[in-house]
Amino acid sequence: MTLRILCLFLLLLSFGCKKQTVSFDVWLSENKNEKVVNLSNKELGDLPSSIETLEAVEELTLQYNSISKLPDELGNLKRLRILNLFGNPIRELPESLGGLQNLEILLLGRTEISSVPKFLPKLASLKTLALDETKLTLTEEDVEILAQIPKLEILDLTLLREFKTLPKNISKLSHLKELQVQKVLFEKSDVARLRDELPKVRVKL
């Protein structure tokens, strides 16, 4: 292979490896009736308010899009069952998301969230909540909020970056079916407490 052909091959390969970019408004106008929307790795940036046009969407995946703020209109997607926001620099969620009464799975892993949103107990159908690799410290207040989510079954707290110590009221999460806390730096006493105070919960250490 000549040097010129090799350079051309490498150039074409580099183009193929670049992230795809897409205008959200363009996609919206063409696919507004879709039930499953996957826009991962599209460099969307912050979402426009026109996202509320996706009235039929049930599963929305927006991971790795440099989204730092969500519009209030996201709470108008009443049919939404799965919302995946993994890998975005989001610090907080709009209160309007409390109106998503059909939401069953909320994935907030690898975001900048540092406390459990206070409106989460309003999500009457929420069964799975992922807060893995966030800045959550897991305070007693966080546990109180989590304990009030009526149908919560699976809680993912894997690799919490800012975790300090196990809250005194951790037993209030005894309604869970599964608690994922892999790669969290627990003291030996914390591990013992998890097993003693959550005997019916499948704790993944």
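Guide: A cavity is a set of grid points where a 1.4 Å probe fits but cannot get out. Rolling a probe the size of a water molecule over the atoms shows where empty space is left. Please keep in mind throughout that this is a predicted model.

Visitor: How many cavities of 30 Å³ or more does that rule give here?

Guide: The count comes to one cavity of 30 Å³ or more, and the largest cavity has a volume of about 60 Å³.

Visitor: Which classes of residue make up the lining of the largest cavity?

Guide: Its lining has 12 nonpolar residues, with no polar and no charged ones; among them are Leu138, Leu157, Phe163, Ile170, Val181, Phe186 and Leu194.

Visitor: Why does the largest pocket lie between domain 1 and domain 2?

Guide: Domain 1 (19-91) and domain 2 (113-204) both contribute residues to the lining of the largest pocket, so the pocket lies between them.

Visitor: Let us turn to the strands; what is the order of the strands in the open sheet?

Guide: Strands of a sheet pair through backbone hydrogen bonds, either parallel or antiparallel. Here the open sheet has eight strands in the order β1-β2-β3-β4-β5-β6-β7-β8, and the pairing is parallel. At its edges are β1 (36-38) and β8 (202-204), each of which pairs on one side only, and neighbouring strands of the sheet are turned by 5° against each other on average, direction ignored. Within the sheet, three bridges join β6 (residues 154-156) to β7 (residues 178-180), two strands that run parallel, and Asp156 has Gln180 in β7 as its bridge partner.

Visitor: Finally, how many aromatic pairs are there?

Guide: Rings count as paired if their centres lie within 6.5 Å, and by this rule there are two aromatic pairs. Tyr64 and Phe86 form an edge-to-face pair, at 5.6 Å centre to centre and with 80° between the planes. This pair links distant parts of the chain, 22 residues apart, with Tyr64 in the loop between β2 (59-61) and β3 (82-84) and Phe86 in the loop between β3 and β4 (105-107).

Conventions:
Residues are numbered from 1 along each chain as its sequence is written. This is a predicted model: local features need pLDDT of at least 70, side-chain atom pairs count only at pLDDT 80 or more; totals for chains, interfaces and linings use all residues. Side-chain values use heavy atoms; hydrogens and water are left out. Two strands pair if DSSP finds at least two bridges between them. Helices (H or I, at least four residues) and strands (E, at least two) are DSSP runs, numbered from the N terminus. Axes are lines fitted to C-alpha atoms, for helices over the stretch in contact, and angles run from 0 to 180 degrees between N-to-C directions. Domain bounds come from an automatic or database domain assignment. Rings of Phe, Tyr and Trp (its six-membered ring) pair if their centres lie within 6.5 Å; planes under 30 degrees apart count as stacked, over 60 as edge-to-face and the rest as tilted. On a 1 Å grid over the protein atoms alone, a cavity is a set of points where a 1.4 Å probe fits but cannot get out, and a pocket is an open set with protein on both sides within 12 Å along at least five of seven lines; lining residues have an atom within 4 Å of a point. Grid points are joined across faces, edges and corners, and a volume is the space filled by probe spheres set on the points. Ala, Val, Leu, Ile, Met, Phe, Trp, Tyr, Cys and Pro count as nonpolar, Asp, Glu, Lys and Arg as charged, and the others, Gly among them, as polar.
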